[in-house]
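Q: Could we go through a few features of this model and how to read them?

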Amino acid sequence: MLIKIYGSAIHGVAAQTITIEVNVDTGVGYHLVGLPDNAIKESSYRISAALKNVGYKIPGKKITINMAPADLRKEGSAYDLSIAVGILAASDQILADRVQEYIIMGELSLDGTLQPIKGVLPIAIQAKEEGFKGIILPKQNTREAAIVSDIEVLGAENIKEVIDFFNEGKPIEQTVLDTRKEFQEKINSFPFDFSEVKGQETAKRAMEVAAAGGHNIILIGPPGSGKTMLAKRLPSILPPLTLKEALETTKIHSVAGKMGTETSLMTIRPFRAPHHTISDVALVGGGGYPQPGEISLAHNGVLFLDEMPEFKRTVLEVMRQPLEDREVTISRAKFTVNYPASFMLVASMNPSPSGYFPDDPNNTSSTYEMQRYMNKLSGPLLDRIDIHVEVQKVEFEQLAERRKGENSENIRQRVLQARGIQHERYKDLKISYNAQMGPKEIERFCELDETSFSLIKTAMEKLNLSARAYDRILKVARTIADLEASDRILSYHISEAIQYRSLDRDFWNV
């Protein structure tokens, strides 16, 4: 008897429906075809033990299983439940009337319990688009799948529940989620606040400008000056995720298997801080079976590179293209995968190998060591970072100050107002904020008066800035003007923007 069961495969951050054809015929043998990986090939052992432990068995006949389309590689253990239900239906151990109405996915333990799987949100979205009645999953994955409305999400704890559902009509508990309510309840939940930062008013201002325009920023300062502390608080002043952005971000984390069992929808912007020993592939994504990297996991959020010069040069250089294009393309011989990567880059570094230049009178670093340290960051990469700001050592009087600084909520209101101006300005274009402006938008929205033009001309000549750095200054100046609700870019906006190009000055080119 031939039975068709439906599962799903992840490709990039989207899902594709897989038809699992199970044919039970006279003879002996177990044949699994359709480009399965080793985890799927081993499923027969898990399925056999699981069925035996719940009172069923794999029939002693010739079983042929085809996973179509046969030219698409399938991977992982998430097809255990689909194949097991297919074998039971094809051997008349369960009724097959309704199995084709559902996408069925889940990993089996030897005792028949179901283990959670990855990529549930894209699977549920695809199931709804293709008109399936529902989706049967391990119970731990149901909250994530229930984000998708108008589709039954049935969460089973073991395969016996699934068998009874088809055989006897015993209901499996359906998970229903009010996505908008869930989203609104947690949208302003942040673990850190800017009021906890003592001093560092200049750096706080730079972070506010960066948040308002979506600009990349690098913080340069000695150890203990608060660089990491400032970076961790950046998500608290960024605009809240829209529901569309939340779904995009959740899909990526779902595919990567980073969603917790109690989590349904990501409601705050991601903050990713990889260690400096990270590899190129782990940062941008890829591998034999491509997975999203850290820059895609930071999509719609913040990627923080602490002690940036300690990262391998090749790791930093692979970020150049994603910083410009805001997506990552991973190419293999037989397929190409695109992962979104629209993130804010926040980096930090010490000013010298010793960490205390130029304030340390006993600076032990030679001119050669200083030059080699600074050369770890290439000019093209620094050009892609809009704001370079120096973070000074915090004095004792500031540390002992009992009065708290301005809180994140107040800063966030100013950021939201500036973003609102930008949203209105770019409503007919394909960009959302100032950092995304291209040459045409810069020419149109960043007109300068004579004083401002003279000022930026002098800066370009004295600092020997590149054309890209010129564009960055104009973008940052446009954001500073937006924070003041100014239609025009004025000379002091340009002046402040130039101040945020610390690493372009001769002082650093030792």
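A: The model is predicted. Start with a loop residue: Lys376 sits in the loop between helix H15 (367-374) and helix H16 (379-383).

Q: Is Lys376 buried, exposed or partly exposed?
A: Relative accessible area decides this, with buried meaning under 20% and exposed over 50%. Lys376 has 32%, so it is partly exposed.

Q: Which residues does Lys376 touch, apart from its neighbours within four places in sequence?
A: Lys376 is in contact with Pro309, Glu310, Arg313 and Leu316.

Q: How do helices H18 and H21 pack, and at what angle?
A: Angles from 65 to 115 degrees count as roughly perpendicular. Helix H18 (residues 408-425) and helix H21 (residues 467-483) pack at about 115 degrees, and their axes are 8 Å apart. H18 and H21 are therefore roughly perpendicular to each other. Their crossing is right-handed.

Q: Which residues form the contact between H18 and H21?
A: From H18 come Arg414, Ala418, Ile421, Gln422 and Arg425, and from H21 come Arg478, Asp482 and Leu483. By type, the contact residues are 3 nonpolar, 1 polar and 4 charged.

Q: What span should H21 have at 1.5 Å a residue?
A: The 17 residues of H21 should span 24 Å, and the end C-alpha atoms are 25 Å apart, which agrees. As for burial, 13 of the 17 residues of H21 are buried, so this helix is largely enclosed by the rest of the structure.

Q: How many residues of helix H3 (residues 80-90) are buried?
A: The count is 11 of the 11 residues, so H3 is largely enclosed by the rest of the structure. Among the buried residues are Asp80 and Ser82, along with Leu81 and Ile83.

Q: Which peptide bond is cis, and where is its proline?
A: The bond from Ala68 to Pro69 is cis, with omega near 5 degrees. Pro69 is in the loop between strand S4 (62-68) and H3.

Key
Residues are numbered from 1 along each chain as its sequence is written. This is a predicted model: local features need pLDDT of at least 70, side-chain atom pairs count only at pLDDT 80 or more; totals for chains, interfaces and linings use all residues. Side-chain values use heavy atoms; hydrogens and water are left out. Axes are lines fitted to C-alpha atoms, for helices over the stretch in contact, and angles run from 0 to 180 degrees between N-to-C directions. Helices (H or I, at least four residues) and strands (E, at least two) are DSSP runs, numbered from the N terminus. Angles under 35 degrees count as roughly parallel, over 145 as roughly antiparallel, 65 to 115 as roughly perpendicular and the rest as oblique. A crossing is left-handed if the near helix is turned anticlockwise from the far one by less than a right angle, and right-handed if clockwise. Contact means heavy atoms within 4.5 Å. Ala, Val, Leu, Ile, Met, Phe, Trp, Tyr, Cys and Pro count as nonpolar, Asp, Glu, Lys and Arg as charged, and the others, Gly among them, as polar. The expected span of a helix is 1.5 Å times one less than its number of residues. Buried means under 20% relative accessible area, exposed over 50%, partly exposed in between (1.4 Å probe, protein chains only).
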